[in-house]
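Let's take a walk through a protein model together, one piece at a time. Have the sequence and the 3D view ready.

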Amino acid sequence: MTLAIEATELVKTYPPDVRALDRLSLSVQAGTIFGLLGPNGAGKSTTVRVLTTLSRPDSGRARVAGVDVLADPAGARHAIGAVGQKQGSDPGATGRENLTLQGEFYGIAGRELRTRVADSLERFGLADAADRLVRTYSGGMQRRLDVAMGLLHRPRVLFLDEPTTGLDPEARAGMWREIERLAREQQITILLTTHYLDEADRLASQLAIVDRGRVVVQGTPEQLKSDLQGDTIQVGLRDSQDAAARRALARVDEIGDVRLDGRMLHARARDGAGAIPAVLAALDAQGVTATSVTLARPSLDEVYLRHAGRAFHQANAEHEEVAA
Amino acid sequence: MTPLKQTWQVTLRGVRVFLRNPAYLLMTLIQPVIWLLLFGALFKAVTRIPGFHGGSYVDFLTPGIVVMLAVSSAGWTGMGLIEDIHGGVMDRTLVSPVWRGALNAGSVVYAVLMIVLQTLLILALALALGADFRGGVGGVLILVLVAALLGAAFASLSNAVGVLARQRETLIGAVTFVLLPLTFLSSALMQQSLVPGWIRTVAKFNPVDWALQAGRSAAVEKTDWSLVGTRLGLLVVLVLACAALATRAFGVYQRSL
């Protein structure tokens, strides 16, 4: 498979001595959704600014869609679509005017431009609001317009910097569906940054966890989570039969860390799905009746804790302290 | 072709905001009227100073008001870019392959359109007040041209200050600081032969005075074509230098990100 994004040892410092990127490297395969996950201030936005030609790193190399963004930023810009963290549209203009101006900036004109603008308004559910000032749009509509603007020139790689920050839950779910649809229907590579663990887990097929300006771990969400010594098995019991249940599970080699919490039994297993038959058989042999079995995969929260050495919300809080 | 089209699209963005905002539109149109009437009333006695030979006071003052208003209107141009920086529009624009010059030139053209509109209003009012513009239509058009050139230069400067400082307060301070000295260190309100020698010396280097000399000579005096030609030349060079400076400012802004 070809790489859509390739960043090598990016370093970026801001005066007086903030090291925003500390030899950050990552690679993204074409046609996938790649999630850059990290707390506030980890270097996610700086990475996006460098990869979208907006900002230059102190050192390092970066290629996007096969173009060296440092040697040929002008060439790279045609292949890149970018939706920033802030609203990128002009609130004093209508949705249609914003899209049209965006198209002109990319050298699209005339009938072609009018058609694309109309299609894009339709597609993002903005057709009815097309000739209203963006100032009057809801947060979700403004965000959809931002994405529509980022896609108008049909880029090969789309950068979404915290696409759902500040959106209400409904608009957030809508944006998730839109991103999934994009990845499915268009042959486009998406890099999205987020500080929401659930967002990264749901959308990204590949993930890099960033902390203090470097990638601490990269892989699929599943890989990262399976690195954490397996799964949690939860068995609901009909009655609280503590002693019998414990006796039963002591004989199952595949599991450990058995905890009983009321009528809910928790145990850790390297391969949860594989261990379930043995667990149920052992309980049955002791006359303990199970009413439910669930298998919980470790959460990204735990992955983050392990690789960054601190809990996610704690890292966010630390950053806010520094910022304050 | 594309750079010109992009410039024009940026200009249109400004024009649409102007047309959609009735209060702004009204103020832009009333301001020239107030300036001419106020300054006219205030400086009426200028013509009675011994040694004054500028003809009627409306004739003398009109080019002064035209030029002052051009500088003052153009000075605020950078506000738009500051708003774009804070609103996220600037970053989104700079990620696109748009010609950077268009971002400056588009708003400069818009500023010039506003200045031409205001200048035409002043000229119409001056005519109504009895100005006789000895230079005729051609001379008056040269006055409009110098106002446009001077405005273009200051609009670019304002953009450069806006993009580099990114603070409204800095731009407000700069415009306030620059406008009155530049006006007073010129022949805008007072005939050159009646001001102290040091002001005359300083005025030689003041673009506002270049515009005034050319505009006044062409529109209301016996036209000195070599004076008009050299001043126009100086203004054109200044416009290009300021535009280059403002265009480079986007690069400086980007390097700071």
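The face of helix 10 of chain A turned away from its buried side carries the exposed residues A:Gly274, A:Pro277, A:Ala281, A:Asp284 and A:Ala285. A residue is called buried if 20 or more other C-beta atoms lie within 10 Å of its own, exposed if 12 or fewer, and partly exposed in between, with C-beta atoms placed from the backbone. Helices (H or I, at least four residues) and strands (E, at least two) are DSSP runs, numbered from the N terminus.

Before going on, keep in mind that this is a predicted model, in which local features need pLDDT of at least 70 and side-chain atom pairs count only at pLDDT 80 or more, while totals for chains, interfaces and linings use all residues. Residues are numbered from 1 along each chain as its sequence is written, and chains are lettered from A and ligands numbered from 1 in the order in which they are written.

Which residues of helix 10 of chain A are buried? They are A:Gly272, A:Ala275, A:Ile276, A:Val279 and A:Leu283. Seen down the axis of helix 10 of chain A, these buried residues fall within an arc of 120°, so they line one face of the helix; the arc is that of the directions from the helix axis to the C-beta atoms. Among the elements that cover the buried residues of helix 10 of chain A are strand 11 (231-237), helix 9 (242-250) and strand 14 (290-296) of chain A. Two residues are in contact if their C-beta atoms, placed from the backbone, lie within 7 Å. After helix 10 of chain A comes A:Gly287, with a positive phi near 75°.

Now look at the sheet of 4 strands in chain A. This open sheet has the order 12-13-11-14, with antiparallel pairing; two strands pair if DSSP finds at least two bridges between them. Strand 12 and strand 14 of chain A are the edge strands, each pairing on one side only. The twist averages 20° from one strand to the next. Strand 11 and strand 14 of chain A run antiparallel and are joined by 6 bridges, and the bridge partner of A:Gln234 in strand 14 of chain A is A:Thr294. Helix 9 of chain A lies across strand 11, strand 12 and strand 13 of chain A, at about 170° to strand 12 of chain A. For such angles, axes are lines fitted to C-alpha atoms, for helices over the stretch in contact, and angles run from 0 to 180 degrees between N-to-C directions.

Chain A also has an open sheet of 6 strands, in the order 6-7-8-3-9-10, with mixed pairing. Strand 6 (80-83) and strand 10 (214-219) of chain A stand at the edges with a single partner strand each, so one side of each is left without a neighbour in the sheet. Here the twist averages 15° from one strand to the next. Strand 3 (residues 33-37) and strand 8 (residues 189-194) of chain A run parallel, joined by 5 bridges, and A:Ile33 stands opposite A:Ile190 in strand 8 of chain A. Helix 5 (residues 139-151) of chain A packs on the sheet, touching strand 6 and strand 7 of chain A.

Finally, step back to the whole chain. Chain A holds 12 helices and 14 strands, and 44% of its 324 residues count as buried. Where chain A meets chain B, the contact takes 26 residues from chain A and 21 residues from chain B.
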